[in-house]
Every structure is written in structure tokens, then in C-alpha cells.
Amino acid sequence: MSDSNVAVGTSRYGLEVGAPGIRSVGPITFGPSGILFVADNVSAAIFAIDTGDSGAAGEVRAIDVEKVDTRLAAYLGCAREDIFIRDMAVHPYSQNVYLSLMRGTGDSATPVIAKIDGDGSVSALDLNNVSFSRTSIPDAPAEDDSRLDGHVVFGNREGEEIKMRDGSSIRIAREPIRTVTVTDMSYVDGTLLVAGASNEEFASTLRRIPFPFNGATESNSLEIFHVSHGKYETASPIRTFIPYAGNTSVLASYTCTPVVHFSLEDIKAGTQLKGRTVAELGSRSTPLDILSYKKDGEEFLLVANSSHPLMKIAASDVDRQESLTQPNEPLGVPRENLPQQGVSKMANLNGSYVLMMQVDSADNVDLHSYSTSML
Amino acid sequence: MPAEEIDRHIRIVPSDLLAAGLRPLPSTAGSFFLEEDALWFTPRFPFRDGLDYSVLIDELGGTSTTLSIQRPAAAGAPVTSVVAVYPSSAVVPLNLLRIYVQFSSPMSEGRAERSLQMLRADTRKPLPGVFLRMVHELWDSGRRRLTVLLDPGRIKRGLVPNAEDGYPLSEGVPVVFRVDERFEDSSGRTLTSSFERAYDIGPPLRSKVSPDQWRLDPPNPGSQGPLSVYFDRPMDRGLLAHCLRVETASGERVLGDIAVGDGELSWSFRPHSAWRPGGHRIVVDTKLEDVAGNSIRRVFDRDLDDPDNDPIEARTVSLPFTV
């Protein structure tokens, strides 16, 4: 049997058993040997976790689960409104579906990595006892930030005690004010690519973190600019991206609207590069997720949007697309609107399905599988 | 019956979910145990305040009994308020990119979109589509400062949303930025009150931030008086906190405290020890932005045909001054 059926060797990837101290869960993506990367934007860290899911995929099967948010709420003992689903990923070997979600908000918010089996049954990873490793999201504040950003705290939990001249004392906490919020991740050939947005400067930084984690992330980032209509060059945080074409290319969508292509070869070489704008998705709609799949040996990309229909683009058209230089219709690559409604997240399933998370008109969250031959 | 068999016959679920019509509804994760004459259930995730839970019991005859338990809602008067909003100036440019909201205590995530509005000052009607929708909100580590972006797709020249919908703001049309009091803090309580900041909208800012347009006011030797810098435009409050530092001419760091002036139009520095006479410099990180997202390095939406928009490569620029 292949590697996939053996539990992940902890030392091979630098994982250790313990309690990682995850405080929140956001974007997730699978890495080598079924290891799950989880971005924790509250801790400003990324965790690599052994899900312990060594099940073989067995026969190819579709997954259709209605009202997954109701099922999650029942399992987690809360209301539907307390469930905030952040991301979805499919285990590369077992084909089980994993969801990162927050249960509740504020002080009582609990991070959950839920697993949905094909029959709809729900379970959750025990995040207090797991094989894991950790890396910080690199954006170290300048050395004098803490001096400037201290604030007074009450109680004894946080901060350090400072004695005042009059003999009284106060407590000062120096949490970083500047943060990076991870918006998407993808693992390619030993490197975790991390897209994020700063809460201060408006930058298009894509971070590259080698895995196994070795602490070397500081300077391994690059800025990706794009040009609108041949006239204006700007930066923008990346909202969602997908490597495709055998991990030689990336399609990314920005927080402003353009969809941009760049080559992973260029990434290896540079610290600054220009992405080629291949499409603009129009106003009043936010791209939510991008996926690539194969149909009859040809590769296609799907872009899910907050307001526009699900969009299908042929990878070959992306490669052929000239950089957009004129502001006219149609804007960029030819695209086909697919009928699936309310799609927020997508993942490849069993090699021949695309799994979609869809929100219906009553705000129920359903999981449906669509055969790639029908898309 | 042994505890392991109990959960085949007793399930606990949040009451409101029973109406969803899912059969079987997963039962709430946790474990049962018997102690003395009582059956205890320990949930894996804590019971939620203010929620009703149903205990579903399958009896031997096949019928099912439902009991219900209530968890009281959390009490408490609001304590959290908005401490500051930046920009603090009365006039902002047409292409304003970013607003900071500073709270007095940690806040809940996921509530920003429905709690923030930009209203027309005259009609008090909300302007639609002003803010960028972010699934992952931009907070500081302590969850006390929120960064709100105006939709960059509508601000950047040459993009479809700018062409179709125009800028989020309109020159000469005053607005009110409003933080609703129902914005929950991390304990689930509302704010003590709503907060509003009025802005007039002026012309767009479309040039690189240029330190040679700044005015420096050096301190007196032997004093601990402030060094002051006056900008030609309102600067980004967040980046001002750490993008300028003071050194002697030989590169030795001068330690002190920073203050940002009204409208983010000035920055001043008071050293911890008296100024030594002689040459000094202010070292500025070129990623420092103005309120429209232009930095020292580049214009926010650089016009490729305009050589004044050409970016600079340097990571820092130095402004010498003599004490």
C-alpha cells in the first residue's frame, strides 16, 4: 500500500505531539502526506497538523450533505448563527471533507476543525492533543513598536507590571498593533504560499514559507503588481489564488477586482513581479474562491463570486489572453456562467467531482458534488 | 444501564434546531456519566448563554420525551466605547482609502460590516458599497483597532467598478462615518453609544508622498524639547507610529516618545535624554502612506504615462537636521 495509508511520521516533517494553542482558525489547505495547514490569524501563526486521517479513499463517491451548518450547530451545541465557516479542504487520500470554523465570537469564540463524512456525520479534531508544528506569520514589527504601542490593562492576566514613581504600579501590554491577516494558502513543492492583507499598508505581499518549518520566512516574500488597461499599475492584497497547470502557473483574484496570472517560475526568481491581468470581474461582486479541475484531459478554472454567477474559464484561454489594455467589453478571457447558485467554497473531490459549498435562499449551507464531466 | 449505552437513548440538542427537519439530527458532542442518582452530561464545547437545549429521551415503548433546559443570557451593562477614529481631519480626499476605528476594549469579530456605515450628511442615507467586504476582518492583535478599507476597486482609476459605480465618496458631498452602538465587544455586550465622525470631501491625492515637502522644526540643544515635522497632507495614522525614527549623524539611535498632531498633519518626537548638539537625521521608511494609499515609494494607482509617478526603490530616506 502507498504512503497514504500510513500515519504521518511525526519526525519526518518536524511535528511533535502536544497542545498547539490554536486560538482561531481561518484558511486551511492540505500539504504533503495529508498534513493540514491551518492559519490562525489571532495568534499570527500557521500550524501544520496531522489529522490522523489515514483512511483510504475507497471507491469514487460523491458527497451531498444538506444543511451542514445545522448539523454542525447540533454537534457543537450552539445556534446556527454561532457558526462561522471560514474554509473547506478535502483530504487528498481519504477524501474526507474538512471545514475550518469559529464557534461563537469574542471571548467565547472556539476554533473548530470539523470533519464531514460522506454520510453527513460530523466530528471535530481534538485540537488539544495533536501532532503539529508551528510557524509565525512573518511581519515582525519594527523593534520600537512595542515601546509605542503599549496600553494599560487591568486585572492580572495580561502584560507586565510597571512600577510608577509614586509607588503605585500599572500593567502594560505590548501586543503588536500591526498584523497580517491570512486570506488564502496553497502548498506547492515544499513551499507554503501565503496570501495576506496588512492592517496598515496596502500591499500585495505573497509570502513563501518552506515546509518543514524552519523559521526562515522573514525575507521570503514578493510583491505582485498588476496593470489596469495598460495605463495604471497598482498593488493589491490577494484574496484567493490557485496554482494550476501542474503548479507552473497561478491564477489570483485581488481585493480590487482584477484576476491576474503569474508564473511560479517568476516567483522563484524575484522579489517583485508583475502579474498579467486576464480578466476583470465587474463591480459589486467579490471573488470568493478559485479552483482548477480537469475535464477530458483539459484544465478549467472556476471562480466563485459573491454576486455574479459561478464562472468557468479554460486554462488555455488564460494562457492565450493578452494583458488587458482597453477598457471595453468583454473584459478579458472568454467565460461561461454555470448554473450553480450561492457557491462560496470549492474543492476537488475524488478526482472526478468538484465539491461546492452553496448557501441557499434561507441561508442554509449545503455541500454538493458535481461530476467534472457535467461542468 | 451503563453510561456508554445511555447516549443511544438520550440526546441533547439546541432546541431551535429541531425545526430544521433533519433526521437524525446529530447530538451535541459530550459525555454522559452517572453519579449517585443523577445523570450528568458534560458537553465537549460549553453551553451557550441564552440558548435553550432539548433533552430527547427514547423510552422503552418507543415514544420520545423531550425535556428542555434553559441557559440564562449573560447580563451586564455596556462598557466599551469608540476611543478614536482616524483620519481625524475635517476634510478627506476623494480617494480616501482607509479608516481606523480604535475601541477601548477588545471587540468581537464578524460584526463590522453590519455595524459601520457611511451616510450622506444631508440626508443621513447610507451610501451603498463604500467599504470593502472582508471575510477576514483586519484587526490588531488585541482586537481593539479595526482597519476599514474603502473599496479599492472603486477608487483605482481604470478599473471597472470605478468606471461603472464611480468613487465611493463624492467631492463636495459631506458624509458621516457612523459606528453603530450594537457593535458587540468580545463579551457580547453592545457599545455604550454610537459614534459619528463628519467629513468634508476634497480633491483626490495622486502623488507620491514627498518628504522634501515636509517642514522640520528642530529642537534646542541641551533641551528635551520636541523635534517636529509638518506634513503637506494628512498621513496614515497607523504607519506614522513606526515609520519615522531619529538617529545621530553617526547612526546611533535616539530613543524617545512620539506624538501625532491633529489631522495627522504633524509628528513630534521627545527624546528620553537631552538632545546632544550636532547633526542628526530622521530616517523614514518609504512604505509610509498618506490617507489615500500613496507612499513615498509609489502612487497608489500609478499612471504609467506620468514620469512623476515613477516609483522609487529606496527602503528609507533620510532627513538631516542639526540641533
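**Interface of chain A and chain B**

Across the interface of chain B and chain A, 28 residue pairs are in polar contact, both residues at pLDDT 80 or more; a polar contact is a pair of N or O atoms within 3.5 Å, where within protein one must be able to donate a hydrogen and the other to accept it, and residues adjacent in sequence count only if both atoms are side-chain atoms. This is a predicted model: local features need pLDDT of at least 70, side-chain atom pairs count only at pLDDT 80 or more, and totals for chains, interfaces and linings use all residues. Side-chain values use heavy atoms, with hydrogens and water left out.

**Extent**
- Chain B brings 68 residues to the contact and chain A brings 76 residues (heavy atoms within 4.5 Å).
- The two chains bury about 6000 Å² between them, 53% of it on carbon and sulfur atoms (accessible area, 1.4 Å probe, lost on being put together, summed over both).
- B:Phe45, B:Arg48 and B:His136 supply 11% of the area that chain B buries against chain A, more than any other three residues.

**Salt bridges**
- Seven salt bridges link chain B and chain A (a side-chain nitrogen of Lys or Arg within 4 Å of a carboxyl oxygen of Asp or Glu).
- One of them joins B:Arg302 to A:Glu233, at 3.2 Å, N to O.

**Strand pairing**
- Strand β17 (residues 232-234) of chain A runs antiparallel to β20(B), with three bridges between them (strands are DSSP E runs of at least two residues, numbered from the N terminus; two strands pair if DSSP finds at least two bridges between them).
- A:Thr234 has B:Asp301 as its bridge partner in β20(B).

Definitions and conventions: Residues numbered from 1 in each chain as written. Chains lettered and ligands numbered in written order. Helix = DSSP H or I, 4+ residues; strand = E, 2+ residues; numbered from the N terminus.
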